[in-house]
Amino acid sequence: MGFQDLSKQQKTVSRILVNALKREQLAHAYLLEGPKGTGKRQAASLLAQAYFCQNKDRENIEPCQKCVNCRRILSGNHPDLVWVKPDGQSIKKEQVSNLLKEFSYRGVESIKKFFVIEEADKLTTQAANSLLKFIEEPYSQTIAILITEHAHQLLDTIVSRCQVLTFIPLSKERIAEQLMGKGISEPLANLGAALTNDIDEAADYCGDEWFAKARQLVIQLMEGIMGKSHSPLLMVYDQFLPHFDDIRKMDIALDFILYWLRDVLSIHLENEKDIVYIDQIDLLKNQALKSSMQQVTGRMTAVLAAKKRLGANVNLQSVMEQLVLRLQGGSHHAV
Ligand SMILES: [Zn+2]
């Protein structure tokens, strides 16, 4: 990944870092904060490459990814770059002091140092304090990157000494695009992107056979409910409930049903660019023809009610039975 890639997802963050690199005015400490899956770790690695790269200059700050420094960072063994992760529940003072000791005694390559602290919200107060003292040494050529999903849990004294870079959630389009870049089909990528804005989580879902089968079953169910070609309840007993056999899975099923109905609504609204089930467009159009917008939104309300019952620990079979009846009820009134 280069700064060009970073700027596609995190425009502001990329601009701030590129400007600082061009002016050779990097801050001593950055706090990379924002939700999971927004590219914080990749950005930290990119900045480290840009910091150590032997082939960059002020004109072109993109790291070359070929020199010995870039390659050592990419393979995770650059001696002057250290990643710290919580040891158990917290990042303890010993972890930080060992790191600092290592930095001062190590057979050093240069006076440049770079460290990255993941889950920085788990720094103990003592660990944070010794870190701060280090960051603030005036002669220090050390860059500290703190990464967190919970910036509000960090001590004010830490946050105030860092330049805060906020990572925003990726757009659905961007996530789907990245998933397709990994070889995932568009219909599955759309669904993964609809379900989560964490790119790693979305990729895990899409790579799982369970997920593709889940999608097929939901399409089949919606076809049955709206088309009445076969008994949807029978299908629920035979295939649906065995596949969605716990609350978490059933919650995903209900989300899939909701996206389906939202797609039908999008067709009513002539907003086809937001369609998730892109390969089912004919079926969706057919269902939009057969039901009014009011009926579709009524069905969406029924799905939300089912999600709520799920949260209240009602048994899965009864949640689905009631939902199917309510969804079918909607079509009886079709004009
Ligand atoms: Zn390089």
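Let me start at the metal: the zinc ion has four protein donors, Cys 53 (SG), Cys 64 (SG), Cys 67 (SG) and Cys 70 (SG), at 2.2 to 2.4 Å. Donors here are N, O and S atoms within 2.8 Å of the metal, or 3.2 Å for Na, K and Ca, and since water is not among the atoms, sites may look incomplete. This is a predicted model, in which local features need pLDDT of at least 70 and side-chain atom pairs count only at pLDDT 80 or more, while totals for chains, interfaces and linings use all residues. Residues are numbered from 1 along each chain as its sequence is written, and side-chain values use heavy atoms, with hydrogens and water left out.

Along the chain its donors are spaced C-x10-C-x2-C-x2-C. What is the arrangement of the four donor atoms around the zinc ion? The arrangement is tetrahedral, because the angles they subtend run from 105 to 120°. For four donors, tetrahedral requires all angles to lie between 85 and 135 degrees. The ideal angle for four tetrahedral donors at a metal is 109.5 degrees.

Buried means under 20% relative accessible area, exposed means over 50%, and partly exposed is in between, using a 1.4 Å probe and protein chains only. Cys 67 is buried at 6%, and Cys 70 is buried at 0%. Asn 69 is also buried, with a relative accessible area of 10%. Asn 69 sits in helix α4, residues 68–74. Helices (H or I, at least four residues) and strands (E, at least two) are DSSP runs numbered from the N terminus. Beyond residues up to four places away in sequence, Asn 69 touches Phe 52, Gln 54 and His 78, where contact means heavy atoms within 4.5 Å.

Next, the nonpolar cores. A nonpolar core is a set of buried Ala, Val, Leu, Ile, Met, Phe, Trp, Tyr and Cys residues joined through side-chain atoms within 4.5 Å. The largest has 61 residues, and Phe 240, Phe 256, Ile 257, Tyr 277 and Met 320 have the most contacts inside it. Helix α13, residues 247–268, supplies the largest share of this core, 13 residues. A second, separate core has 28 residues, including Tyr 51, Ile 61, Phe 114 and Val 116. Leaving aside neighbours within four places in sequence, the contacts of Met 320 include Leu 221, Val 236 and Phe 240.

Now helix α9. Of the 10 residues in α9, residues 186–195, nine are buried, so the helix is largely enclosed by the rest of the structure. Its buried residues pack against α8 (172–181), α10 (199–206), α11 (209–227) and α13. Arg 215 lies in α11 and is buried, with a relative accessible area of 4%. Among the contacts of Arg 215, neighbours within four places in sequence aside, are Pro 187, Leu 188 and Leu 191, together with Asp 279.

Finally, two loop residues. Glu 24 has a positive phi of about 55° although it is not a glycine. Glu 24 is in the loop between α2 (11–22) and β1 (29–33), and is exposed at 57% relative accessibility. Glu 119 has a positive phi of about 50°, and is not a glycine either. The loop holding Glu 119 runs between β3 (113–117) and α6 (125–135). Glu 119 is partly exposed, with a relative accessible area of 37%.

Note on methods: Four donors count as tetrahedral if all angles lie between 85 and 135 degrees; four count as square planar and six as octahedral if opposite donors are over 155 degrees apart and all others between 65 and 115; anything else is irregular.
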